[in-house]
Amino acid sequence: MRSAGSVRRVGAVVLAVGGLMASSIGTIASAEPRATVESITADEAPDGSRLVEVTPVGESQMNFTVHSTAMDKDVTVRVIRAASGKRPTVYMLGGVEGNSEQFGWEQKADVEKFFSDKDVNVVIPFGGQSSYYADWQRDDPELGRNKWQTFLTKELPPIVDSALDTTGRNAIAGLSMSATSVLNLAISKPGLYQSVGAYSGCAMTSDPVARRFVEITVADFGGNPENMWGAANDPLWAANDPYVNAEKLRGTTLYISNGSGLPGPYDTLDARTVGGDRRALATQVVVGGVIEAVTNDCTMRLAEKLRALDIPATVDLRPVGTHSWGYWRDDLTTSWPMMGAAIGA
């Protein structure tokens with residue numbers, strides 16, 4: 001979810017895009033004590049990416065500092081450790097603002113509390129603003145070097161598996177921008193994720209309207225979309241389009257959700273995301289409503305494509321709801337039984 005400021009910056013353009021679119025969880029296992037932070041080590045990834053440091057954050061939380069060879073930088077990764085020994089892992093990606101200490105799944109969706117009675121490892125990479133968590137063709141003057149697909153599919157998982165002694169079974173969830181990303185990540189690395197949760201995303205990138213939506217999102221933090229997938233006629237746009245490549249989702253347990261854009265129970269003055277601020281409510285209802293209506297169209301089209309391909313998916317199209325965190329918290333709750341079962345949680 002964009003902050004009020006960033007939503008306002010793209011509001012007028014998204015309204016235009018909306019017009020174009022219209023015209024065309026269990027009991028903790030008994031167990032084994034957790035390893036202490038000091039005792040956690042990890043093997044290097046095959047490309048030399050490595051665990052640099054582990055810093056305690058709370059009783060069950062810690063930060064991994066992971067050096068990415070592909071991006072040539074250290075990435076902070078928030079980890080919520082499973083209560084017992086060898087357990088599966090849930091990866092969680094942020095929206096256009098990425099994740100950080102100030103913004104993301106922990107602050108907006110209480111994931112530490114949500115997973116407190118679910119014996120799984122939770123991994124939340126920080127950063128990734130406006131990046132689509134993709135491998136970009138070129139470094140960007142504002143966003144730097146983005147090789148997030150490589151980091152998330154090749155560099156980070158072996159480090160996490162080694163450090164936490166996981167089962168090697170993974171789920172991944174994303175919202176808004178990263179709802180597109182999690183589908184692309186599953187397509188790029190078949191078998192890495194047994195389950196995917198995609199909440200309020202546009203699972204299309206290469207048709208003209210969808211491409212414009214991507215361009216707006218990348219520009220939100222000053223990025224140049226041509227540095228990501230090239231000019232409009234570059235085949236990388238289609239190569240990173242989950243709708244075009246939907247066949248490659250076969251065999252992955254899928255949960256895909258979207259609201260309609262109409263105001264719902266979290267679009268009120270007393271909602272947590274609004275906090276009594278009338279301007280924030282207006283932004284959430286008007287701009288968040290248009291964004292959700294646009295992603296709703298994408299989601300319906302992906303659902304139709306999956307049905308045509310006879311690929312099973314749970315598709316939750318809510319009759320109300322804007323592009324905001326209250327609905328994504330509900331999506332996580334609703335999708336978890338299916339995702340957890342897929343990874344043996």
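## A nonpolar surface patch

Met300, Val315 and Leu317 make up a nonpolar patch on the surface, and together they have about 200 Å² of accessible area. Patches consist of residues with over 30% relative accessible area and no salt bridge, with like charges joined within 9 Å and nonpolar side chains (Val, Leu, Ile, Met, Phe, Trp, Tyr) within 5 Å. Accessible areas come from the Shrake-Rupley method with a 1.4 Å probe, and for residues only the protein chains shown count as cover.

Valine 315 belongs to strand E9 (residues 314–317). Helices (H or I, at least four residues) and strands (E, at least two) are DSSP runs numbered from the N terminus. Valine 315 has a relative accessible area of 31%, so the residue is partly exposed. Buried means under 20% relative accessible area, exposed over 50%, and partly exposed in between (1.4 Å probe, protein chains only).

## Basis of the model

The model is predicted: local features need pLDDT of at least 70, side-chain atom pairs count only at pLDDT 80 or more, and totals for chains, interfaces and linings use all residues. Residues are numbered from 1 along each chain as its sequence is written, and side-chain values use heavy atoms, with hydrogens and water left out.

## The disulfide

The structure contains 1 disulfide (a pair of cysteine sulfur atoms within 2.5 Å). Cysteine 202 and cysteine 298 form it, with their sulfur atoms 2.0 Å apart. This pair links distant parts of the chain, 96 residues apart: cysteine 202 is in the loop between strand E7 (195–199) and helix H6 (208–219), while cysteine 298 is in helix H9 (residues 278–308).

The link of cysteine 202 and cysteine 298 is left-handed, with -65° about the S-S bond. Both cysteine 202 and cysteine 298 are buried.

Side chains of opposite charge can pair when their charged atoms come close. The whole structure has 12 salt bridges, each a side-chain nitrogen of Lys or Arg within 4 Å of a carboxyl oxygen of Asp or Glu. Arg78, Glu101 and Glu106 are linked in a network of these bridges.

In the bridge between glutamate 101 and arginine 78, the closest N and O atoms are 2.7 Å apart. Glutamate 101 lies in the loop between strand E4 (89–93) and helix H2 (105–109) and arginine 78 in strand E3 (residues 73–80), so the pair ties together parts 23 residues apart in sequence. Glutamate 106 also forms a salt bridge with arginine 78, with the closest N and O atoms 2.7 Å apart. That pair links helix H2, which holds glutamate 106, to strand E3, which holds arginine 78, across 28 residues. Arginine 78 counts as buried at 3% relative accessibility, and glutamate 106 is buried at 16%, whereas glutamate 101 is partly exposed at 42%.

## Asparagine 63 beside arginine 78

Asparagine 63 is part of strand E2 (residues 61–68) and counts as buried because its relative accessibility is 12%. Its side chain is joined to that of arginine 78 by a polar contact of 2.6 Å. A polar contact is a pair of N or O atoms within 3.5 Å; within protein, one must be able to donate a hydrogen and the other to accept it, and residues adjacent in sequence count only if both atoms are side-chain atoms.

Apart from neighbours within four places in sequence, asparagine 63 is in contact (heavy atoms within 4.5 Å) with residues including Val54, Thr76, Arg78 and Glu101.
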